[in-house]
Amino acid sequence: MNKRKIDNDMMDEDNSDRGSDAMEDLSNASDVRVEFEFFDPKQQDFHNIKNFMNHLFGPDKVNTSELADLILSQPLIGSTIKTDDDDDALAIFTVLNINVHDNKPCIRQIKDYILSNASKNPEFQKVASTLFRPDSPQHIGLLLNERLINMPVQLIPPMYKMLSEELQWAIDDVIFILKSKVIYLF
């Protein structure tokens with residue numbers, strides 16, 4: 001099981017940007033300590049991930065079941081956040097390569113969704129249309145980040161860092177495999 005932890009001690013940082021009334025309310029409240037754990041996406045997270053994708057895209061615009069399955073098909077890329085007491089994912093953060101998964105209906109639906117919403121900005125629509133072509137030499141990463149509304153925003157930077165590391169590991173694995181096959185062929 002791949003699991004990483006972050007403690008919410010970082011949330012005790014200076015709250016000077018909040019109003020004095022908010023600070024007064026905070027001083028009267030008791031502290032709640034929560035330990036967040038970061039996990040690779042697992043099959044048991046399917047319904048939580050599907051619900052996050054429903055919230056992000058809407059169930060009638062994108063096949064969110066297929067999208068959740070696609071996210072789960074690459075468990076070493078991305079993270080879910082959970083607490084000690086709960087098995088439910090409280091957040092998801094991952095990236096999908098649109099070019100690699102172009103044959104999936106949910107990816108085509110997302111591309112159509114982006115292009116239809118881009119019609120308000122013709123310049124962006126032109127760029128997106130060019131990038132979304134099947135013969136495009138550039139690979140597009142679809143970054144999916146959704147969390148419960150009351151999740152601390154301080155959890156986002158560690159998720160970006162972990163995703164960056166996971167992508168680098170995946171690239172290193174591909175390079176290693178390619179080098180191994182080249183050596184094997186000779």
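This is a predicted model: local features need pLDDT of at least 70, side-chain atom pairs count only at pLDDT 80 or more; totals for chains, interfaces and linings use all residues.
Two packed helices are described by the angle between their axes and the distance between the axes. For helix α2, spanning residues 46-57, and helix α3, the axes lie 9 Å apart and form an angle of about 125°. Angles of 65 to 115 degrees count as roughly perpendicular and those over 145 as roughly antiparallel, and α2 and α3 are therefore oblique to each other. The crossing of these two helices, α2 and α3, is right-handed. On the α2 side the contact comprises F46, I49, K50, M53, N54 and F57, which meet T64, S65, L67, A68, D69, I71 and L72 of α3. By class, the residues of this contact between α2 and α3 comprise eight nonpolar, three polar and two charged.

Helix α3, formed by residues 64-72, also packs with helix α4, formed by residues 105-117, at an angle of about 115° and with the two axes 8 Å apart. Because of this angle, α3 is roughly perpendicular to α4. In this pair, α3 passes α4 in a left-handed crossing. The contact is built from E66, L67 and L70 on the side of α3, and from P105, C106, I107 and I110 on the side of α4. In the contact of α3 with α4, six residues are nonpolar and one is charged, while no polar residue takes part.

By class, the lining of the second largest pocket is made up of nine nonpolar and four polar residues, and no charged residue is found in it.

Terms used: Residues are numbered from 1 along each chain as its sequence is written. Side-chain values use heavy atoms; hydrogens and water are left out. Ala, Val, Leu, Ile, Met, Phe, Trp, Tyr, Cys and Pro count as nonpolar, Asp, Glu, Lys and Arg as charged, and the others, Gly among them, as polar. Axes are lines fitted to C-alpha atoms, for helices over the stretch in contact, and angles run from 0 to 180 degrees between N-to-C directions. Helices (H or I, at least four residues) and strands (E, at least two) are DSSP runs, numbered from the N terminus. Angles under 35 degrees count as roughly parallel, over 145 as roughly antiparallel, 65 to 115 as roughly perpendicular and the rest as oblique. A crossing is left-handed if the near helix is turned anticlockwise from the far one by less than a right angle, and right-handed if clockwise. Contact means heavy atoms within 4.5 Å.
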